[in-house]
Amino acid sequence: MMSIHVKMAWRNIWRNPRRTVLTVSAIAFACLVLIFMLSFQFGSYETMINAAVKIQTGHFKIQHKQFQENHNIRKTIVHPDAVAGILDKTPGIAAYTFRSRAFSIVSSEDRTYGALVIGIDPDKESRTSTLPDLIREGEYLSQTDTDKALIGRLLARNLKVTTGDEVTLLGQGRDGSVAAAVVTIKGIYSSGQDDFDRAGLHIPLAYFQQVYTMSGQVHNVVAIVQSLDRVAEIKQQVQARVQTLETGNSLIVRDWSKIMPGLKQAISMDLVSGLIFWLLLIIVVAFSILNTFLMAVFERTREFGVMMAIGTAPSRLMKILLTESLFMTVVGMGAGIVLGIFVTLYFQTRGIDIGGAGELLNQYGITGRIYPKLSVLSTAIGPAMVFVITFLAALYPAVKVRRLNPVEAMYFA
Amino acid sequence: MNIVEATHITKTFQQGDIAVQALKDVSLSIEKGGFVALAGPSGSGKTTLLNIIGGLDTPDSGSIVLDGNAFEEMSRSQLADLRLHKVGFVFQAYNLIPVLSALENVEYVMLLQGVPEKERHDRARSILDDVGLENRYHRRPRELSGGQQQRVAVARAIVSSPSIVLADEPTANLDSETGKGLLEIMKDMNHRKNVTFVFSTHDRMVMDYARRLIRIRDGQVDDDVTKNA
Ligand SMILES: Nc1ncnc2c1ncn2[C@@H]1O[C@H](COP(=O)(O)OP(=O)(O)O)[C@@H](O)[C@H]1O
Ligand SMILES: [Mg+2]
């Protein structure tokens with residue numbers, strides 16, 4: 001049988017149904033909004049990160065320690081195949097590719113610019129990055145291409161070249177010799193990130209190695225991991241294994257947050273500003289609950305006086321009041337969590353068109369849809385905060401009741 | 001044998017800047033099984049005296065002994081415990097817990113006392129039958145008339161055989177017929193169960209029911225008459 005206190009608490013909260021419904025709704029609404037917002041934020045970060053890493057950096061990169069500092073062409077990964085062997089054996093790696101790069105003078109018929117010449121393995125690159133999808137004109141490189149190049153939209157505009165035109169590359173090879181080549185533009189890409197579209201030119205890796213006398217060496221091994229939340233763990237494993245290689249001590253593994261500190265910072269800032277908003281929301285809810293409880297206690301002062309007079313211990317009164325608040329909180333949280341999950345799942349499958357609205361997102365090359373990502377964390381954090389705050393809000397009037405003097409409560413209420 | 005011994009009770013209330021002396025040196029004793037009226041005009045100190053006898057309020061000076069328990073030596077929580085087990089209260093109005101039915105209201109006190117569920121149930125039903133509410137077990141207070149509510153309050157006050165029942169103007173909110181009905185029930189319980197009743201009133205008709213009439217005026221005992229049976 002239900003304990004009489006539970007019964008009393010349950011009946012008490014329905015004495016003023018309007019107020020109870022409002023309070024429960026406030027709690028439910030807070031939970032719903034928090035779950036959706038957190039999931040949306042987490043989802044957009046993931047989209048942002050994945051979009052950014054897939055254009056360029058990968059989830060993590062292996063390179064020579066000093067290459068990272070000064071991009072010196074001589075600081076290479078001497079045995080890329082050994083690194084590839086490690087990645088092949090590491091579970092959770094979705095794809096990887098080799099890249100080499102050299103700063104060079106790039107000339108068209110009319111103009112000359114300094115630009116980055118990047119050697120890519122066309123097949124491996126297509127599995128690792130979105131470069132093939134970014135081609136807006138012409139075609140992506142094929143595995144058998146040699147003196148062909150892909151060029152960024154802005155660099156192409158600067159050089160006044162289009163597909164089929166030739167450009168001359170002039171740089172320094174790894175051995176100090178002059179590196180020179182003439183390549184034909186096969187495709188033009190546009191990522192939406194101006195820096196990237198202005199920076200360089202992609203040529204087949206084998207051709208790069210020949211022109212820049214790389215003798216089979218590369219500068220970067222770029223890897224993509226199956227899911228973002230496993231990056232740290234997998235990076236660690238790879239790091240440990242790379243150390244065992246012959247030239248392992250000279251190599252370093254860096255993840256996206258190190259390669260793109262700006263992105264990481266932008267996410268942290270967005271998270272903090274979100275947090276401030278959530279706290280405000282929760283405080284509003286807390287005040288509505290505090291108000292409900294203070295009113296309920298105030299209205300029932302005489303009743304509490306009688307209950308104490310006939311022998312109800314103050315601690316029992318407190319228990320009844322806290323049970324009442326618990327009922328409202330549990331009902332509100334339950335409804336809010338269920339609704340929050342449904343709403344989030346709905347948008348998780350459909351996506352939300354952000355159009356041109358998200359400044360931060362545009363900066364990282366995302367202009368389409370954002371998919372909220374429901375997780376245990378995004379479902380739990382909001383309601384947990386609501387629970388703590390509601391409990392504190394309910395505790396205050398309950399403690400006040402403890403100090404009630406029955407005579408005064410009965411005759412002067 | 002006396003169930004209450006009150007000696008030299010004084011109580012002063014502060015009302016803003018003025019000190020109101022509600023009780024000025026009151027001494028009285030209540031005999032076991034008594035049916036006692038505390039009569040006096042409004043503001044004479046009846047409520048204050050009942051509250052002090054019941055351990056709800058503490059006197060400024062003087063001593064109370066209820067059924068062998070000297071209040072001076074007791075802590076607040078001990079007094080609360082004593083109220084729970086030895087005193088039944090009936091107030092002028094709003095006696096009942098609104099969210100509980102008549103039966104649950106009566107059971108509630110026994111629950112606090114730790115009486116087992118089955119016994120609680122049986123005793124609550126039988127006492128409600130005694131006060132004439134056999135068909136009203138499951139009514140909430142607001143579904144009962146004023147007189148019925150007061151009868152539930154009396155039932156709750158006597159259900160666990162307290163040493164004394166203190167009723168502060170129990171009929172004040174009732175019409176005279178209903179008031180008489182309530183007094184008949186109290187008298188009947190006093191007879192049959194030998195429960196000691198002290199009730200306050202300023203109504204002549206109510207005073208007539210008492211076997212002993214204590215008159216209070218300006219915080220002092222003015223007159224104390226026991227009628228011959
Ligand atoms: N808690 C209190 N605070 C201030 N004054 C009080 C308080 N209780 C009673 N009094 C005063 O004490 C006097 C006696 O009151 P009370 O015992 O209620 O009388 P009665 O019940 O006979 O009407 C009155 O003047 C009343 O105003
Ligand atoms: Mg009074």
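pLDDT is the predictor's confidence in each residue, on a scale from 0 to 100. Where pLDDT is low, the predicted coordinates should not be read in detail.

Chain A as a whole averages a pLDDT of 88, and 96% of its residues score at least 70. For chain B the mean is 93, with 100% of residues at 70 or more. The model also comes with an ipTM of 0.92 and a pTM of 0.76.

**Where the chains meet**

Now for the interface. Here 23 residues of chain A are in contact with 26 residues of chain B. Together the two chains bury about 2,200 Å², and carbon and sulfur atoms give 65% of that. Which three residues of chain A supply more of its buried area than any other three? They are Ile4(A), Arg11(A) and Ile310(A), which supply 28% of what chain A buries against chain B.

As for the side of chain A that touches chain B, the elements giving two or more residues to it are α1 (4–13), α12 (301–309) and α16 (406–411) of chain A. Sort the residues on that side by type and you get 13 nonpolar, four polar and six charged.

**Salt bridges**

A search over all chains turns up 26 salt bridges, and two of them run between chain A and chain B. Here are two examples from the model.

| Salt bridge | N to O distance |
|---|---|
| Arg11(A) with Glu104(B) | 2.7 Å |
| Arg120(B) with Glu107(B) | 3.4 Å |

The Arg120(B) and Glu107(B) pair links distant parts of the chain, 13 residues apart. Arg120(B) sits in helix α4 (residues 117–130) of chain B, while Glu107(B) belongs to helix α3 (residues 102–113) of chain B.

**Aromatic pairs**

Over all chains, the structure holds 11 aromatic pairs. One of them is Trp10(A) with Phe327(A): the ring centres are 5.1 Å apart and the planes meet at 75°, so this pair counts as edge-to-face. Because Trp10(A) lies in helix α1 of chain A and Phe327(A) in helix α13 (residues 314–350) of chain A, the pair ties together parts 317 residues apart in sequence.

**A look at one loop residue**

Finally, where does Arg174(A) lie? This residue is in the loop between β6 (166–172) and β7 (178–189) of chain A. Leaving out residues up to four places away in sequence, Arg174(A) touches Ile73(A), Arg74(A), Thr76(A), Tyr212(A), Thr213(A), Met214(A), Ser215(A) and Gln217(A).

Definitions and conventions:
Residues numbered from 1 in each chain as written. Chains lettered and ligands numbered in written order. Predicted model: local features only at pLDDT ≥ 70, side-chain atom pairs only at ≥ 80, totals over all residues. Heavy atoms only, no water. Contact = heavy atoms within 4.5 Å. Buried area = accessible area lost by both parts, 1.4 Å probe. Salt bridge = Lys/Arg side-chain N within 4 Å of Asp/Glu carboxyl O. Helix = DSSP H or I, 4+ residues; strand = E, 2+ residues; numbered from the N terminus. Nonpolar A, V, L, I, M, F, W, Y, C, P; charged D, E, K, R; others polar. Phe/Tyr/Trp six-rings, centres within 6.5 Å; stacked < 30°, edge-to-face > 60°.
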